[in-house]
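Subject: Structure for your review

Dear colleague,

Please find below the structure that I am handing over to you, together with its sequence.

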Amino acid sequence: MPEGLRIDRPEVADGAVLWHLAKNSGTLDLNSSYSYLLWCRDFARTSAVARGAQGTPVGFVTGYVRPERPRTLFIWQVAVDEAHRGRGLAAALLDGLTARLAEESVQAPTALETTITPGNTASERLFASYARRRGATVEREVLFGTAHFPDGPHEPEVLHRIGPLSL
């Protein structure tokens with residue numbers, strides 16, 4: 001974990017900052033500000049924020065447990081403020097979140113899923129290194145093709161399934 005930062009659960013008051021971090025990421029699909037507020041309220045257990053010295057979020061990871069696969073954690077978005085990139089913060093957020101879930105849960109996650117658009121090498125590296133640290137394999141397949149998106153051109157979303165996890 002980079003010095004001076006701590007990992008915490010998001011709170012509703014963090015929703016606006018998470019929206020801004022996503023907006024300024026340059027790569028994430030931006031959801032409504034309302035969705036980030038709901039995420040901080042309803043999915044705080046399966047999400048994490050990195051807080052700076054003043055307590056303001058400088059990075060986040062949002063996730064949820066898949067209803068049909070209750071031992072699978074789906075990671076929705078990962079964002080880090082530009083001033084804090086390149087210091088391992090995204091990896092620390094993923095590690096911290098899955099470690100917390102393993103400690104708190106009767107059934108710890110045994111798999112992690114995320115989607116990545118082709119060419120997003122930073123995300124591909126992040127999740128490949130996560131898999132290596134966990135001694136897990138990565139399976140890839142297109143989850144949503146371009147034709148699935150009704151709102152204009154969108155690259156396919158490739159599902160990365162990582163498991164089994166050693167937590």
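Ile75 is in contact, beyond its neighbours up to four places away in sequence, with Val61, Thr62, Gly63, Leu94, Leu97, Leu112, Glu113, Thr114 and Phe127. Please note that this is a predicted model. Ile75 also belongs to the largest nonpolar core, which has 25 residues. Together with Val61, Leu112, Phe127 and Ile162, Ile75 is among the residues with the most contacts inside that core. Two or more residues of the core come from each of strand E2 (48-51), E3, E4, H3, E5 and H4. The greatest contribution is that of H3, with seven residues. There is also a second, separate core of nine residues, and its members include Ala22, Val49, Phe60 and Ala79.

Leu73 deserves a separate word. Leu73 is a residue of strand E4. Its relative accessible area is 1%, so Leu73 is buried, the cut-off being under 20%. Leaving aside neighbours within four places in sequence, Leu73 touches Thr46, Gly63, Tyr64, Val65, Leu97, Thr98, Leu101, Pro109, Ala111, Leu112 and Glu113. As a guide to distances, Leu73 and Pro153 are 80 residues apart in sequence, and their C-alpha atoms are 28 Å apart in space.

In H1 (15-24), the buried residues are Gly15, Leu18, Trp19, Leu21 and Ala22. These residues cover an arc of only 165° around the axis, and therefore they sit on the same side of H1. They pack against H2, E2, E3 and E4. One of them, Ala22, is also named above as a member of the second core. Just after H1, Gly26 has a positive phi of about 85°.

In helix H2 (residues 33-42), Tyr36, Trp39 and Cys40 are the buried residues. Viewed down the axis of H2, they fall within an arc of 95°, which means that they line one face of the helix. Tyr34 and Arg41, on the other side of H2, are exposed. The cover over the buried residues of H2 includes helix H1, strand E3 (57-66) and strand E4 (69-80).

The largest pocket may also be of interest to you. Its volume is about 1100 Å³. The lining consists of 41 residues, and those closest to the centre of the pocket are Leu28, Trp76, Gln77, Val78 and Thr115. The elements that supply two or more lining residues are E3, E4, helix H3 (89-104), strand E5 (111-116), helix H4 (121-133), strand E6 (137-144) and strand E7 (157-163). The largest share, seven residues, is that of E4. Sorted by class, the lining contains 20 nonpolar, 13 polar and eight charged residues.

Glu141 lies in strand E6, whereas Leu159 belongs to strand E7. Is Glu141 buried or exposed? With a relative accessibility of 51%, Glu141 counts as exposed, because the cut-off is over 50%. Leu159, at 9% relative accessibility, counts as buried. Not counting residues up to four places away in sequence, Glu141 touches Glu157, Val158 and Leu159. Leu159 and Val142 are 17 residues apart in sequence, with 5.8 Å between their C-alpha atoms. Glu141 and Gly52 are 89 residues apart along the chain, and their C-alpha atoms are separated by 36 Å.

Finally, there is a point of backbone geometry. Gly163 and Pro164 are joined by a cis peptide bond, with omega of about -10°. Pro164 is placed in the segment after E7.

Yours sincerely

Note on methods. Residues numbered from 1 in each chain as written. Predicted model: local features only at pLDDT ≥ 70, side-chain atom pairs only at ≥ 80, totals over all residues. Heavy atoms only, no water. Buried < 20%, exposed > 50% of the residue type's maximum accessible area, 1.4 Å probe, protein only. Helix = DSSP H or I, 4+ residues; strand = E, 2+ residues; numbered from the N terminus. Arc of directions from axis to C-beta. Contact = heavy atoms within 4.5 Å. 1 Å grid on protein atoms, 1.4 Å probe; cavity = no way out; pocket = protein on both sides within 12 Å on 5 of 7 lines; lining within 4 Å. Points joined across faces, edges and corners; volume = space filled by probe spheres on them. Nonpolar A, V, L, I, M, F, W, Y, C, P; charged D, E, K, R; others polar. Core = buried A, V, L, I, M, F, W, Y, C linked by side-chain atoms within 4.5 Å.
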